[in-house]
Amino acid sequence: GEEALTETSRRCLVTGAVRPKTELLRFVVDPQGQIVPDIAGKLPGRGLWVTAQRAIVLEASSKRVFARAAKAPVVVPEGLEDRVAALLVRRCIEILGLARRSGLAVAGFVRVKEALSGGKAALLVEATDAAADGQEKLTALAPSLPRVACLDARELGVAFGREHAVHVALGKGRLADLFIVEARRLQGFRAGVKVEVSER
């Protein structure tokens with residue numbers, strides 16, 4: 001059967017599968033005919049949608065998929081999949097930075113522990129290179145809380161204006177939801193990314 005395309009779903013150019021936009025990446029053709037990843041989904045132009053997985057973006061790049069979809073010659077930049085991964089990392093850092101400035105995110109074991117104990121956290125973010133014992137102690141405080149590990153301690157630190165951060169708690173709201181979406185997309189490009197969300 002032909003699944004209906006809605007405002008929230010698109011068809012992947014490579015696999016042909018209709019998926020939620022949150023599982024896809026939007027690309028556009030810039031005025032110079034270059035394929036540009038549009039991570040935030042805000043660039044002008046017709047969107048070319050591809051599943052958020054390194055292998056699928058690679059396939060789109062190598063098999064003229066973009067050119068066929070754009071019905072025009074396009075230039076696919078070298079290492080497009082690495083560029084996407086870097087942009088997704090930057091987007092995750094930006095979301096955390098926004099949350100920190102809005103008072104919705106705290107970093108550091110003690111502050112995260114306080115946020116968890118006080119029921120103020122909606123999401124626990126751990127560095128991918130965090131030690132297991134600290135993670136276990138925090139998880140024990142809020143076992144049902146979604147947990148994400150998609151950035152290393154240095155990258156988490158960037159969001160908090162310090163050298164590194166290992167444990168982060170994010171408060172309820174749009175930014176926490178958005179962070180989970182971007183972490184899931186990053187999962188398709190980076191080994192060792194964990195997104196544990198109990199489907200309620």
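Colleague: In what sense do strand 3 and strand 5 pair, and over how many bridges?

Modeller: Strands of a sheet pair through backbone hydrogen bonds, in either a parallel or an antiparallel sense. Helices (H or I, at least four residues) and strands (E, at least two) are DSSP runs, numbered from the N terminus, and two strands pair if DSSP finds at least two bridges between them. Here strand 3 and strand 5 (residues 48-51) pair in the antiparallel sense over 4 bridges. Leu25 has Val50 in strand 5 as its bridge partner. This is a predicted model, in which local features need pLDDT of at least 70 and side-chain atom pairs count only at pLDDT 80 or more, while totals for chains, interfaces and linings use all residues. Residues are numbered from 1 along each chain as its sequence is written, and side-chain values use heavy atoms, with hydrogens and water left out.

Colleague: Which strand is joined to strand 3 by 3 bridges?

Modeller: That is strand 4 (residues 35-37), and the two run antiparallel. Phe27 stands opposite Pro37 in strand 4. The hairpin of strand 3 and strand 4 has 5 residues between the strands, and Gly33 takes a positive phi near 85° there.

Colleague: In what order do the 3 strands form the open sheet?

Modeller: The order is 4-3-5, with antiparallel pairing. Strand 4 and strand 5 stand at the edges with a single partner strand each, so one side of each is left without a neighbour in the sheet. From one strand to the next, the twist averages 35°. Axes are lines fitted to C-alpha atoms, for helices over the stretch in contact, and angles run from 0 to 180 degrees between N-to-C directions. Helix 3 (residues 80-101) packs on the sheet, where it touches strand 3 and strand 4, and its direction makes about 25° with that of strand 4.

Colleague: Is strand 3 mostly covered or mostly uncovered?

Modeller: Buried means under 20% relative accessible area, exposed over 50%, and partly exposed in between (1.4 Å probe, protein chains only). Strand 3 (residues 24-29) is mostly covered, as 5 of its 6 residues are buried. Arg26, in strand 3, counts as buried because its relative accessibility is 12%.

Colleague: Which side chain does that of Arg26 join in a polar contact of 2.5 Å?

Modeller: A polar contact is a pair of N or O atoms within 3.5 Å; within protein, one must be able to donate a hydrogen and the other to accept it, and residues adjacent in sequence count only if both atoms are side-chain atoms. The side chain of Arg26 joins that of Asp38 at 2.5 Å. The Arg26 side chain also reaches the backbone oxygen of Gly45 at 2.5 Å.

Colleague: Which residues touch the most other members of the largest nonpolar core?

Modeller: A nonpolar core is a set of buried Ala, Val, Leu, Ile, Met, Phe, Trp, Tyr and Cys residues joined through side-chain atoms within 4.5 Å. Of the 54 residues in the largest one, Leu25, Phe27, Phe66, Cys150, Leu151 and Phe179 touch the most other members. Helix 3 gives the most to this core, with 11 residues. A second, separate core of 10 residues includes Ala121, Leu124, Ala142 and Ala169.

Colleague: Where is Ser61 found?

Modeller: Ser61 is in helix 1 (residues 54-62) and is partly exposed, with a relative accessible area of 22%. A polar atom of the Ser61 side chain lies 2.9 Å from the backbone oxygen of Val57.

Methods: Contact = heavy atoms within 4.5 Å.
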